[in-house]
Amino acid sequence: MVKNMEVKKPTTYEEQLSILEQRGIILDDREFCMEKLNEIGYYRFTGYALPFKNSDSNTYSNVTFKRIYYIYQFDSNLRAIFFSCIEDIEIYLRSNFSYYFASKYDSLGYTDPNNFKSVHNHKKFKEKYESEIENNKTVAFVKHHIEQYDNQFPLWVLMELFTFGMLSYFYADLKPEDRKALAFQLYDTTEKKLSNWLICCTDLRNICSHYGRLYYRMFSAVPKVDGSYQQRIRLWGYLNVLKNLYPHKQKWNDVIVPRIIRIFDLFSVDIDLYHIAFPDNWKELIIK
């Protein structure tokens with residue numbers, strides 16, 4: 001039975017500010033609040049107010065509009081750092097997955113279902129990569145291979161079209177011995193951990209690419225990293241996934257970590273480590 005619910009009516013920015021004020025958010029500078037609400041929107045803004053929402057009502061306690069906005073800014077800056085990390089990880093995986101697989105099974109070995117695990121859904125996999133070829137057929141290197149090589153794509157070329165989700169899917173469908181070999185060669189870890197990290201990183205990439213909220217978020221997949229359950233499903237767990245997958249130790253320690261620390265220091269007055277499940281000694285623990 002479908003509920004007969006009335007669709008919410010649009011409101012003006014002034015009305016939205018009044019709603020926030022009635023619900024307990026302190027409007028410390030109304031002109032500033034109006035400007036920023038126009039900039040990011042009421043719906044997105046209230047997502048960052050969730051840590052301050054009273055559990056028994058739709059009201060908020062002891063928080064200013066500016067603090068919520070600065071948490072949003074913190075989130076936006078951190079998301080940009082994460083996304084740049086994921087780019088490096090994705091390129092590294094494309095290069096190494098294609099090199100390993102093509103060296104063992106030939107450049108077109110991915111077209112043979114016998115080169116994957118027994119329950120590999122080759123029809124689905126073929127549909128995925130053919131769809132990517134079709135969607136990118138006007139791109140120079142894709143057009144070149146369609147016209148000059150009769151639509152034959154060596155794996156290292158095809159993988160340039162893979163999304164992070166497809167990379168994760170490709171790895172998960174490899175034969176057990178190949179998953180184990182890659183996990184050990186690339187990360188000195190087990191194939192179960194690497195499979196899990198790729199799933200988590202896929203989720204994180206999708207959130208970042210859609211400008212989703214990281215702060216005070218409970219993620220769907222539980223990373224196989226150190227820490228309590230609550231730490232692992234919050235931002236702390238997913239930062240550790242990035243740390244484990246990031247391929248360049250020196251760049252992580254000398255470039256990425258200082259950037260992360262700088263953002264935390266910049267917004268230290270507004271954020272709360274408890275909201276993202278960071279331990280007090282997190283600065284030491286994120287070093288590779």
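Tutor: Begin with charge: Lys and Arg count as positive, Asp and Glu as negative, with His and the chain ends left out. Each charge is placed at NZ of Lys, CZ of Arg, CG of Asp or CD of Glu. In this chain, the mean positions of the 38 positive and 36 negative charges lie 4 Å apart.

Student: What kind of model is it, and how are residues numbered?

Tutor: This is a predicted model, in which local features need pLDDT of at least 70 and side-chain atom pairs count only at pLDDT 80 or more, while totals for chains, interfaces and linings use all residues. Residues are numbered from 1 along each chain as its sequence is written, and side-chain values use heavy atoms, without hydrogens and water.

Student: How many of the residues count as buried?

Tutor: Buried means under 20% relative accessible area, with a 1.4 Å probe and protein chains only. Of the 288 residues of the chain, 45% are buried.

Student: Which secondary structure does the chain have?

Tutor: Helices (H or I, at least four residues) and strands (E, at least two) are DSSP runs, numbered from the N terminus. The chain has 14 helices and two strands.

Student: What share of contacts joins residues at least 24 apart?

Tutor: A contact means heavy atoms within 4.5 Å. Among contacts between residues at least 6 apart in sequence, the share is 64%.

Student: What box do the C-alpha atoms fill?

Tutor: Along the principal axes, the box is roughly 65 × 50 × 40 Å.

Note on methods: Buried < 20%, exposed > 50% of the residue type's maximum accessible area, 1.4 Å probe, protein only.
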